[in-house]
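Hi,

Here is the structure I promised to pass on to you. Have a look at it first, and then read on for my notes on how its parts meet.

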Amino acid sequence: MKKYDVVIIGSGISSIISGLILTKHRKSVCILEQHYTPGGYTHSFTKNGVMYDTGAHYIGALDKGRPFHTLLTYLDIPMDGLFFPLDRHGYDILEFPSFSVEYACDYEQTISNLSTIFRKESDAIRRYFDYVKKVALQFPTYEYDSSYDEASMQKIMNTSLQDVLDTFTRRPRLQSALAAYCTLHGVFPKDVPFGIHAVVTDSLMHSVHGLRNGGQAFVDALLVRFKNQGGELFMQEKVVDLDIENSLIKKVTTASGKHFIAEWIISGIHPKAIFSFVRKHLKKAFTNRLDNIQESASFLTIYGEFKDVKHFAPLKNYYYFQQESPDKLIEVGTASDTPSCIFLSHPNTLDRKTGQTIIIPAKMEWFKRWENLCSNERKNDGAYNSIKQTIAQKILKTLASRGVSIDSWKTLDISTPITNRDFNGSIDGSAYGIYHSIDNTGVRALGPRTHIRNLLITGQSTLFPGMLGAAISGLRSCGHLIGIRSLLEELKKIQHTNRKG
Ligand SMILES: Cc1cc2nc3c(=O)[nH]c(=O)nc-3n(C[C@H](O)[C@H](O)[C@H](O)COP(=O)(O)OP(=O)(O)OC[C@H]3O[C@@H](n4cnc5c(N)ncnc54)[C@H](O)[C@@H]3O)c2cc1C
């Protein structure tokens, strides 16, 4: 049996980035993926000739000299044709019940947009964004700077977004506008470390791109490079067991009965899923902690098409919030409640045939009745289809009440937390993995190292969610095998050259 240097479990963006870094450093690597399409939440699918993204709608930090661009340059990924810029002057339109504001790829413009609405708070708005900028720069794997100040890192990871907001303004409406990107990590302002919120916000404030031919084209480009560097990818190989001796994984077993062996294993699947295979080798205190870690919310997605996009400017996303209080911003109630937030991906007028998605936060418990049915049974289950349609109608009705015409919308498909769980393996179909509260991040984060000596974990649950967060988590995990300092130095050089150019 071939022995690899590294077996990587899962083919989400964090796993593929790990595979690329390791093969670039001449390690022999294979990736094992359970699904028939690689990419995890970055994968796309096509229906009636129209392409849809599952979890890759827009990405930040892709301008030359920004962190994601730097990482892809380092990995020799040809980026031409993969991405296109959204509207720099206003890529996200946040529609609140009593006001609307645009976020732009420019701190000054965003500050000015918000200051026009909250005139008396313009100084607070500026100071808040100055602080976001300053905090984001402190992350070593974001700025690619291996020297960082431990004490200030601790501070920004131990202080909640809500605490920071309270120091700048007490107005709930303004706080909600500043906390709107809680939608992008799924954590309430009172729970999320300010550091995470700052990086997520900063990554979008310089550049925002859509994926020209969907997340799949991006995944495919990464995999071409991975294979060219000698990496191997095995599809429909679901890992079901890990054999352990003396706290070392000796063998990885898949559902098809195949075995894989390696010096190191990197898991890019949900941490609770990987630790379930090695539970008896873990300390009770750790498994108790793991069992009590909350999941991030899941999403319900309507895939469809606008017959007529006159309501929407091209190259912009739309968020419709129902609440103007930060503690309610991303609330997930029952299936019959009006959704707290509706996200509408950018209607674009570019040359590709791409549909739009409408996304709301959702819970597995809404669909508990159907969670043990196989996908064909669910497809034919009248009650399941009916609850999906009822929720979709409610969303469209809510949009109509906000002035968005539903006549021009054609629904093609609706996915639920069960769909997410099935194609992605995330627990309860969680969109962003574990709930990234202060208790689960920073020094208290799970991984990359684990109690199993040759098991590293990566992925959105180990750092922060989003394609950028997951990709950087891959870099961080590989740092344990290759040396994080030298990796950061190589990246820093590229970033420096690109910023000068
Ligand atoms: C609806 C939605 C919209 C989103 N929109 C955006 C967006 O616009 N921009 C953005 O940056 N981020 C977005 N995200 C988040 C982003 O997609 C994720 O943070 C990121 O893709 C997670 O990557 P990952 O590497 O952690 O792994 P995942 O994408 O979770 O991949 C895990 C992989 O492991 C595989 N796997 C699981 N179990 C096994 C097993 N036992 N054996 C083998 N393989 C297994 C799965 O099939 C999957 O391929 C969105 C997420 C969702 C759900």
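How far apart do the C-alpha centres of domain 1 and domain 2 lie? In this predicted model, they are 27 Å apart. Domain 1 is assigned in three stretches, 3–85, 211–294 and 435–500, while domain 2 covers 297–431.

The contact draws on 26 residues of domain 1 and 31 residues of domain 2. Together the two domains bury about 2300 Å², and carbon and sulfur atoms account for 56% of that area. On the domain 1 side, three residues stand out: Tyr41, Tyr52 and His57 provide 27% of the area this domain buries against domain 2, more than any other three residues.

A salt bridge joins the side chains of Lys47 and Asp413, at 3.0 Å from N to O.

Which elements give two or more residues to the side of domain 1 that touches domain 2? They are strands S3 (44–47), S4 (50–53) and S6 (83–85), along with helix H11 (271–276). S4 gives the largest share, with four residues. By residue type, that side of domain 1 has 10 nonpolar, 12 polar and four charged residues.

Best wishes

How values were computed
Residues are numbered from 1 along each chain as its sequence is written. This is a predicted model: local features need pLDDT of at least 70, side-chain atom pairs count only at pLDDT 80 or more; totals for chains, interfaces and linings use all residues. Side-chain values use heavy atoms; hydrogens and water are left out. Domain bounds come from an automatic or database domain assignment. Contact means heavy atoms within 4.5 Å. Buried area is the accessible area (1.4 Å probe) that two parts lose on being put together, summed over both. A salt bridge is a side-chain nitrogen of Lys or Arg within 4 Å of a carboxyl oxygen of Asp or Glu. Ala, Val, Leu, Ile, Met, Phe, Trp, Tyr, Cys and Pro count as nonpolar, Asp, Glu, Lys and Arg as charged, and the others, Gly among them, as polar.
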